[in-house]
Amino acid sequence: MNRTIHLKETFIRNIQDNMEYGNIEFILLDYGSRDDMYEWAQTALSSYIDAGLVSYYRTTTPLFFHMSHSKNMAFRLGSGDILCGIDADNYTGAGFAAYVNEQFNREEEIFIAPPRIATDRKWWDVQGRICVRKEDFHQLRGYDEKVVEYGFEDQDLKSRLEAIGRKRATIKEERFLHAITHDNSLRIADSLSGKSGKDLFMACIGEQMAEIIYLQENNIFEKFLVASDSLTDNDLKHSMLHPRKRETGLYHQDDQQLLLYRETGKPFQTLTYQTPDHLVSDNQHHFHRIKADLQRQNFLLKRAIYMGKRIFSDNKSKRSPVNESGFGEGIIYKNFGNTAIHLGAISALSENSTAW
């Protein structure tokens, strides 16, 4: 969503770098973008669409970017035996399609994935590069749509692929692992938390620990215990806030107080406004509004990763059901046409289907 700035750099180059392979199809999903994706695609991709190399699909219903749902939609639209996810900011590298075909011809029961993220965050931007047999993707019912925002949707799918006996084939050639670098603001710009978040307040409770209250527009609050290595720095906007514990419920506020209630309706905490930007809790913790955009972005990204990791861990330990009622559903339009195509529910599990 709204990543045409990257597609203008990567998409046509990726087509040209793989045209020699021949039996290939490029799917571009416009997931409710409000930038110039439609106009750019209509102008820049028309010759590739006419040649049958590219299919452009758009859906206009999403109000925010749902990471797993958008990937499921795109994968469901692929007609080939092998499906490969390429993020908008990724370069495939010349000959990547031939490389993928060679790997699957060499060994059938595999999936292809990038190296694991290194300690210096190397390979961070290419983690969405997953190639999988279509039948395996549908057997696992795609990416888990409980993972709404950025983080761990790819790790979860890879873990479930390994659980059904598929072997990870790691991409080792760096020429296939390049991406446009960018800051974290784009990762959460169109996310649910970016759209529904109302306020953030933080109280430092030690040199490296803090509490954060995250208020959403729907009167839901989340309270996090977070760790950071820079809470005592003068420039707090650069602190990276790592959630450690989460509590949630409903809130009510007026000009004087912020009242937090557990999901059961039982009172949880009372905070009193000293100023519009300063609250004091009933246990005397001083909460100040987080105003710095960079710090807000850092926290919302870390929150998204924390939430995704919890789902990944549950799926791995409990084999929790995934997308039982369907995945990648919605209404789409193909190649600038006005005829609605319905991607309906795939709800009935076949004998060979696995919902975890």
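Trainee: Which residues of H1 meet H2?
Mentor: Thr4, Leu7, Lys8, Phe11 and Ile12 in H1 meet Met37, Trp40 and Ala44 in H2, contact meaning heavy atoms within 4.5 Å. By class, 6 of the contact residues are nonpolar, 1 is polar and 1 is charged. Asp, Glu, Lys and Arg count as charged, Ala, Val, Leu, Ile, Met, Phe, Trp, Tyr, Cys and Pro as nonpolar, and the others, Gly among them, as polar.
Mentor: This is a predicted model, where local features need pLDDT of at least 70 and side-chain atom pairs 80 or more, while totals for chains, interfaces and linings use all residues. Residues are numbered from 1 along each chain as its sequence is written, and side-chain values use heavy atoms, without hydrogens and water.

Trainee: At what angle do the axes of H1 and H2 cross?
Mentor: At roughly 20°, with the axes of H1 (residues 4-18) and H2 (residues 37-44) coming within 10 Å. H1 and H2 are therefore roughly parallel, a label for angles under 35 degrees, on a scale from 0 to 180 degrees between N-to-C directions of lines fitted to C-alpha atoms. Helices are DSSP runs of H or I with at least four residues, and strands are E runs of at least two.

Trainee: And how far apart are the axes of H7 and H10?
Mentor: They are 9 Å apart, and H7 (residues 153-163) packs with H10 at about 10°. Gln155, Asp156 and Ser159 in H7 meet Phe312, Asn315 and Lys316 in H10. That contact has 1 nonpolar, 3 polar and 2 charged residues.

Trainee: New topic. What volume does the second largest pocket have?
Mentor: About 310 Å³. A pocket is an open set of points on a 1 Å grid where a 1.4 Å probe fits, with protein on both sides within 12 Å along at least five of seven lines; lining residues have an atom within 4 Å of a point. The volume is the space filled by probe spheres set on the points.

Trainee: Which residues are closest to its centre?
Mentor: Val148, Glu149, Glu222, Arg303 and Met307, of 19 lining residues.

Trainee: Which element gives the largest share of that lining?
Mentor: H10, with 6 residues.

Definitions and conventions:
Parallel < 35°, antiparallel > 145°, perpendicular 65-115°, else oblique.
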